Amino acid sequence: MSDVAPPEAADRETALVRQPEYLRVLGIAGLLGVPVSLVAFGFLALLHESEHRLWHDLPHALTGGDTPPWWWPLPLLALAGLGVGAVARWAPGHGGHTPADGMGGPPPTPAQLPWVLVAALISLPLGAVLGPEAPLIAGGGGLALLAAHVFGIEPGSRPAMVVSGAGAAAAIAAIFGSPVVAAVLLIEMVQLSGAALSAVVIPCLLAAGVGSIVFTGLGLWSGLPIGTLNLPIPATPVRPDLGDLLWALPLAVVAAVGIRLVRGLAKSLAPRVAARPLEMTVLAALGVGACAAAYGLITGRSPAEVALSGQQTLAAMAADPTVWPEAALLVMVLCKGLGYALSLAALRGGPIFPAVTLGGVLGVLAAPLPGFGAVPAMAAGMAAATVAMLPLPVSAVVLVVLLLGPAGFSMTPVVLLATVVAFMTEQLVEHGLTRRRPAPPPPTPTPPSPSPATLKESRPPETPDAATL
């Protein structure tokens, strides 16, 4: 729950907004929307082109088939493991935080920033079950910090953090194709209220708006399909009825528990990967490749439906859910879920898009239930899986409603119900697991005169401030 600022603090925040320094920060934030959107566009365009060549053009040239052979993910994910493992082992900043830690983390320093993007460009096109959002948000914040230093803003100061948040907001608007998603994510992540919220968020909204305009213009100029947020759902009027609302309840519980299992497995594996980054990253990446290969071998379908973020797979499902056999969907849930957990623990990318895809797959699986429509089922599954992964309920609602396109507003009751049920399910499961954990053993006597190295190792890790995004 966000804290309400006392009147004195609110007065200080209001006075801050009127100061020339704040106006300067606001102008810098607006300017930052341009370079951040340019970097985001170049990153996503390169990612889109690399995926197309690696998973369509190259296998077609080698095998003559329309889809990659079942074994195709194995060599690609082996290369991804070697590359990301080397970055995690030797590069500054280890290529960014692991996706198992969520979307948080401090923005990278100038020395770390290139390696965050390099690690993501190795992971994502080669088949990691991750999305591009986390590295681009980190890149936007790091690029903004670099610009703040150029403009003479002191590192570590509050204006520097506001500028960093503005860079991250511009990246969010570029990734999701809408500054509305950036605004809602910021409000939930910053966790402030009143004048304090306005002072922090207004520069971020300006950067998000400018960045979205530039990004949209570049997309129209180039013709690359990398800025669309809507799924190709058939334009038929769909209204949820009582059956849709009732079936959304158990589906939301199943989706929330499934994503919770994926998160739990990823978090249990992440410390082992961090202890031996090169070897364990290669093994985890090979595991992801084995999951995709097993899906292709069992179903005879493209292994790319399990590998990668799942955006294209979800779009194909939304266009015509009836062409997917139920057995293939069930195998996809199992294989993609396991590959998702391994990717979260070892590779580099974002956690949102695969969760949305898994929720959509569960929705298509549940759609044949009596009285349950395909569109309401996908809406409920995507909303439940998204909030279970983030967990930011308002952001999940806005994201899924925008993803559904013209059908989104009519599906809002289903989305809201599934979001609330999944959020409460995830919280109750987490509370139950916390209560079942054994109590920590009593502290052992500390030996006299511990060394500085011992003190350093025993110090708990610092938690980044939510305002740093």
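Contact here means heavy atoms within 4.5 Å. The model is predicted. Its mean pLDDT is 84, and 83% of the residues reach 70 or more.

**Helices α9 and α10**
- R272, V273, A274 and A275 of α9 touch P277, M280 and T281 of α10.
- By class, this contact has five nonpolar residues, one polar and one charged.
- Helix α9 spans residues 242-275, and its axis comes within 6 Å of that of α10.
- The two axes cross at roughly 135 degrees, so α9 and α10 are oblique to each other.

**Helices α6 and α7**
- Helix α6 covers residues 158-176 and helix α7 residues 179-190.
- Their axes lie 7 Å apart, at an angle of about 135 degrees; α6 and α7 are therefore oblique.
- The crossing of α6 past α7 is right-handed.
- On the α6 side, the contact is made by G165, A169, I172, A173 and F176.
- P179, V181, A182, L185 and L186 make it on the α7 side.
- Nine of these residues are nonpolar, one is polar and none is charged.

**Confidence along the chain**
- Helix α10 (residues 277-299) has the highest mean pLDDT among the elements, 97.
- Helix α17 (residues 452-458) has the lowest, 38.
- Residues 1-5 stay under 50 in pLDDT, with six contacts beyond four places in sequence.
- Residues 445-469 are also below 50, and this stretch has 18 contacts in the model beyond near neighbours in sequence.
- Where pLDDT is low, predicted coordinates should not be read in detail.

Definitions and conventions: Residues numbered from 1 in each chain as written. Predicted model: local features only at pLDDT ≥ 70, side-chain atom pairs only at ≥ 80, totals over all residues. Heavy atoms only, no water. Axes fitted to C-alpha atoms, helices over the stretch in contact; angles between N-to-C directions. Helix = DSSP H or I, 4+ residues; strand = E, 2+ residues; numbered from the N terminus. Parallel < 35°, antiparallel > 145°, perpendicular 65-115°, else oblique. Left-handed = near helix turned anticlockwise from the far one by under 90°. Nonpolar A, V, L, I, M, F, W, Y, C, P; charged D, E, K, R; others polar. pLDDT = per-residue confidence, 0-100.
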